[in-house]
Amino acid sequence: MLVDIDSIILKYNLYNLIDKLSDIPGSTMDKSLNHRAVVLGISRDTMDNMNMLATSQNRLDFLNNVGFSINSYAFLICNNDICEIHNLNDTNMIPFIIKSVSPTITFWVSVEMNDVKNINNLVSHRFNSPFTSRLSPLHNNVHDDTICLLKAPGTTSSDLGKVYNDIEHISTQYISMGADICNITAKFTPETIDHLRKIPVQDTTEIAGAMKIVGNHKEHEKIIYDIEINDESIVKGDNELVEVLNDRYNFHSHPRDAYIRNGVNYAWPSSHDYIGFLKAVFYSKSVFHVVVTLEGIYIISISPEYAGNIEIVKYEYEYIKKLYQIPYNTFKTPEEYIVHVNKLKIFNVIYMSWNNTMEDFTIYYPKTNGGCSI
Ligand SMILES: [Zn+2]
């Protein structure tokens with residue numbers, strides 16, 4: 001059964017019931033915006049006995065009786081969009097919880113990372129998108145060794161293999177989080193490579209767009225994420241300038257016409273590109289930015305050294321802009337440029353010529369709210 005916390009339990013001071021519930025979450029937040037309830041797992045007999053009571057006062061007394069027995073419980077904290085499930089020890093309550101709230105709600109739950117049985121149960125109820133965080137969407141504290149899962153409205157099927165790979169990937173990072181940073185190993189799909197390769201040749205202006213993860217697979221025990229262009233996100237910029245988009249993974253191109261106009265053979269990322277990416281890291285949690293050129297692909301990310309301590313460069317834009325201003329004829333090859341630029345330490349740049357863009361690459365990135373997401 002579902003009992004409202006603020007308008008029943010606290011209002012009528014059901015102190016014996018409160019004693020049976022540890023740490024009601026969300027007590028410090030703005031209660032006017034959120035709804036708090038507790039789901040009580042009780043026996044059929046207990047439920048029947050309670051339903052036979054004539055008045056609401058009788059029922060309140062019944063709930064507050066020392067002998068009122070609860071098998072399990074979980075807390076719900078909800079607003080109009082999201083419902084957080086806290087202290088869920090018995091995932092058999094999930095069908096009841098799902099039925100109890102509006103079908104347009106997204107569920108969030110955190111579960112102990114090594115609690116395989118409950119994780120399996122949640123995944124079978126279509127919870128997915130695992131991540132770690134110390135703060136819930138509604139700003140409640142989240143226990144250290146837990147993994148969060150989401151269930152978006154209407155999720156009726158999902159690729160279980162993919163979800164389990166996601167869980168393994170996120171858990172592995174938690175275990176090895178000494179470095180306090182997140183990482184992902186990714187690969188572009190062949191279709192995306194074909195598409196990207198044509199952009200600098202065919203389009204006379206800069207093109208930008210977002211990329212997305214479309215799946216994952218395992219190669220030699222390593223989980224690799226498959227990256228594609230998000231076709232709906234593509235925008236055209238001016239001749240040589242397009243704003244970096246605010247997505248986790250994104251790209252822009254350096255068109256052939258700009259090489260001809262500027263008389264250069266290679267067009268590695270400009271200092272503007274680095275600053276644009278850095279701002280996207282702070283404001284949109286960007287993970288990497290791809291610069292698509294005639295010679296190949298440059299992938300910009302934060303270096304592992306800085307990913308754990310990114311705040312120190314937050315107001316250093318002018319300094320970084322100068323540091324990364326590297327004229328296009330400074331180096332004879334992209335490889336020479338890469339050796340130089342990676343010595344500057346703030347960013348890590350991976351270069352792949354068009355002959356080896358099928359290889360996987362590993363990117364490091366800062367944690368968000370003390371955790372990692374994909
Ligand atoms: Zn650029």
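How many bridges join β1 to strand β2, and in which sense do the two run?

Modeller: This is a predicted model. In it, β1 and strand β2 (residues 35–41) run antiparallel and are joined by 3 bridges. Within this pair, Leu2 of the chain has Val39 in β2 opposite it.

The pair belongs to an open sheet of 7 strands with mixed pairing, whose order is β1-β2-β3-β4-β5-β7-β6. The edges of this sheet are β1 (2–4) and β6 (128–131); each has a single partner strand, so one side of each has no neighbour in the sheet. On average, and with direction ignored, neighbouring strands here are turned by 25° against each other.

At the other end of the strand order, a helix comes in. Helix α6 (residues 116–124) lies across β5 (106–112), β6 and β7 (146–151), and the angle at which α6 runs to β5 is about 165°.

Asn13 lies in the loop between α1 (5–10) and α2 (15–20). The phi of Asn13 is positive, about 45°, although the residue is not a glycine. Asn13 has 11 other C-beta atoms within 10 Å; the limit for an exposed residue is 12 or fewer, so Asn13 counts as exposed.

Next, the packing. Nonpolar side chains tend to be buried together in soluble globular proteins. The largest nonpolar core in this chain has 85 residues, and Leu76, Ile85, Val109 and Ile300 are those with the most contacts inside it. Strand β3 (residues 72–78) contributes the most to this core, namely 6 residues. The core also draws at least three residues from each of domain 1 (2–175) and domain 2 (181–366). For Ile85, leaving out residues up to four places away in sequence, the residues touched are Ala74, Leu76, Ile97, Phe107, Trp108 and Val109.

The domain assignment gives domain 1 as 2–175 and domain 2 as 181–366. Their centres, taken over C-alpha atoms, are separated by 41 Å. The contact between them takes 6 residues from domain 1 and 6 residues from domain 2. On the side of domain 1 that touches domain 2, the residues divide into 3 polar, 3 charged and no nonpolar.

Strand β8 (residues 181–188) and strand β16 (residues 361–366) run antiparallel and are joined by 6 bridges. Tyr365 in β16 is the bridge partner of Cys182. With strand β10 (residues 222–229), β8 pairs in the parallel sense over 3 bridges. There, Phe188 has Ile227 in β10 opposite it.

Arg248 lies between β11 (235–236) and β12 (249–253), in the loop that links them. Arg248 has 19 other C-beta atoms within 10 Å and is partly exposed; a buried residue needs 20 or more, so Arg248 does not count as buried. With residues up to four places away in sequence left out, Arg248 touches Lys285, Ser286 and Val287. Between Arg248 and Asp360 there are 112 residues in sequence and 18 Å in space, C-alpha to C-alpha.

Asn369 lies in the segment after β16, and its phi is about 50° although Asn369 is not a glycine. Asn369 is partly exposed, with 15 other C-beta atoms within 10 Å.

Last, the chain as a whole. Its secondary structure comes to 13 helices and 16 strands, and the C-alpha trace spans about 90 × 40 × 35 Å along its principal axes. Of the 374 residues in the chain, 33% are buried. Among contacts with a separation of 6 or more, 73% are between residues 24 or more positions apart.

To return to your question, β1 is joined to β2 by 3 bridges in the antiparallel sense, and β1 stands at an edge of the sheet with a single partner strand.

Notes
Residues numbered from 1 in each chain as written. Predicted model: local features only at pLDDT ≥ 70, side-chain atom pairs only at ≥ 80, totals over all residues. Domains from an automatic or database assignment. Contact = placed C-beta atoms within 7 Å. Nonpolar A, V, L, I, M, F, W, Y, C, P; charged D, E, K, R; others polar. Core = buried A, V, L, I, M, F, W, Y, C linked by C-beta atoms within 7 Å. Helix = DSSP H or I, 4+ residues; strand = E, 2+ residues; numbered from the N terminus. Pairing = 2+ DSSP bridges. Axes fitted to C-alpha atoms, helices over the stretch in contact; angles between N-to-C directions.
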